[in-house]
Each structure stands twice: as structure tokens, then as C-alpha cells.
Amino acid sequence: MAGLRPGSPLPESITVHEQSRVLEVGFSDGKTFRIPFELMRVYSPSAEVQGHGPGQEVLQTGKREVTLVNIEPVGNYAIKPTFSDGHDSGIFSWDLLYELGANEAQLWAEYEFRLKAEGVDRDTPMPQKKGHTHGPSCGGH
């Protein structure tokens, strides 16, 4: 398995813990992270979450109870999870999984700040999508 950056720690084990809703990833540098499914979902690298450019990120809410229903390998560098809410377009590189695990506290703090700024909380349902059509430039997210 290879990471995207030379010298990056590589995963040695990946375990899905369904009841506690965490993905446990053990890396070659000896670190093991238990990454909550909700954190993965709200920080998905997909265009649906990240938008098509800076400032177009879509705040994800209502994901506290999300689970993983499937994980597919992507080459030797990533996984593509399918979440219980149907989201399946995020490709999580080994580097991204490491970043999510290593920076979990900071990422949660940033997420909570964004929620407060928008006047919503983690359990607010996502608004219905309005008028977006999947054209060739959006990648069909």
C-alpha cells in the first residue's frame, strides 16, 4: 500500500466498529486512530461536501447516527466508504485518514464553530437540495 505523500505512514489494519460507529486504523508508525463515522462524513473529500472550489463547502448536519455500510479499496492508496445516508463519492486516502485521526479534536472544534456560525447543530436535518443538476463538470457527486 502506498500513501499519496512519500514517507507517509501506511495503514496496517482497518477495522469497522459498527456499534461505536468508528473506523479504527492502525498505521505503520505505530499510531492507531479511532475515527468517528460522523467525522468522516462531515469532512468527506467529495465535491458534494467540499464544493467545486474554495468557499463552496457544504456544511453537513444530521450525521451523528450515520454508519458505514460498505468500504471499497481504491488502488493502493485509499478507501471509498458508502455511508448509511447514501453518500458514497468520497475517496479517503491513507494520508487523509491519518490527518482525520491525528487532528480529530481540532476538526471537531472547527465543525462546532461552523455549526454555531450557521445557527444549527449536529442533529439539524440537511436541507433538501434545490435545483442542482449533475452536469459533466461536477463529477456527478
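## A tour from the sheet to the core

Start by selecting alanine 78, which sits opposite serine 93 in E6. Strand and helix labels here are DSSP runs, numbered from the N terminus: helices are H or I with at least four residues, strands are E with at least two. What you have open is a predicted model, where local features need pLDDT of at least 70, side-chain atom pairs count only at pLDDT 80 or more, and totals for chains, interfaces and linings use all residues. Numbering runs from 1 along each chain as its sequence is written, and side-chain values use heavy atoms, with hydrogens and water left out.

Now colour by pLDDT, the predictor's confidence in each residue from 0 to 100. The chain's mean is 89, with 87% of its residues at 70 or more. Over residues 131-141 the pLDDT is below 50, and this stretch has twelve contacts in the model beyond near neighbours in sequence. Contact means heavy atoms within 4.5 Å.

**The sheet**

Go back to alanine 78 and select all of E5 (residues 78-83), which pairs with E6 in the antiparallel sense over two bridges. Two strands pair if DSSP finds at least two bridges between them.

Next, pick E2 (residues 22-27) and E3 (residues 32-36), an antiparallel pair over five bridges. Across the pair, leucine 23 stands opposite isoleucine 35 in E3.

Show everything around isoleucine 35: leaving out residues up to four places away in sequence, it touches Arg21, Val22, Leu23, Val25, Met40, Leu97, Leu100 and Gly101. Which residues have the most contacts inside the largest nonpolar core? They are Leu23, Ile35, Met40, Leu97 and Leu100, in a core of 24 residues. E2, E3, H1, E5, H3 (94-102) and H4 each supply at least two residues of this core. By definition, a nonpolar core is a set of buried Ala, Val, Leu, Ile, Met, Phe, Trp, Tyr and Cys residues joined through side-chain atoms within 4.5 Å. Buried means under 20% relative accessible area, exposed over 50%, and partly exposed in between (1.4 Å probe, protein chains only).

**Charged pairs**

Time for the salt bridges: a side-chain nitrogen of Lys or Arg within 4 Å of a carboxyl oxygen of Asp or Glu. The count is seven. Select arginine 122 and glutamate 38, whose side chains meet at 2.4 Å, N to O. Arginine 122 lies in the segment after H4 (104-118) and glutamate 38 in H1 (residues 37-42), 84 residues apart. Buried or exposed, what is glutamate 38? Buried, at 4% relative accessible area.

Then try aspartate 123 with arginine 64, closest N and O atoms 2.8 Å apart. Here aspartate 123 is partly exposed at 42%, and arginine 64 is also partly exposed, at 32%. Finish with the network of salt bridges linking Arg41, Glu48, Lys63 and Asp85. Within it, glutamate 48 and arginine 41 meet at 3.7 Å, and both are buried.

**Last stop**

Select serine 46, in the loop between H1 and H2. Serine 46 is buried at 2%, and touches Gly51, His87, Ser89 and Gly90, not counting residues up to four places away in sequence.
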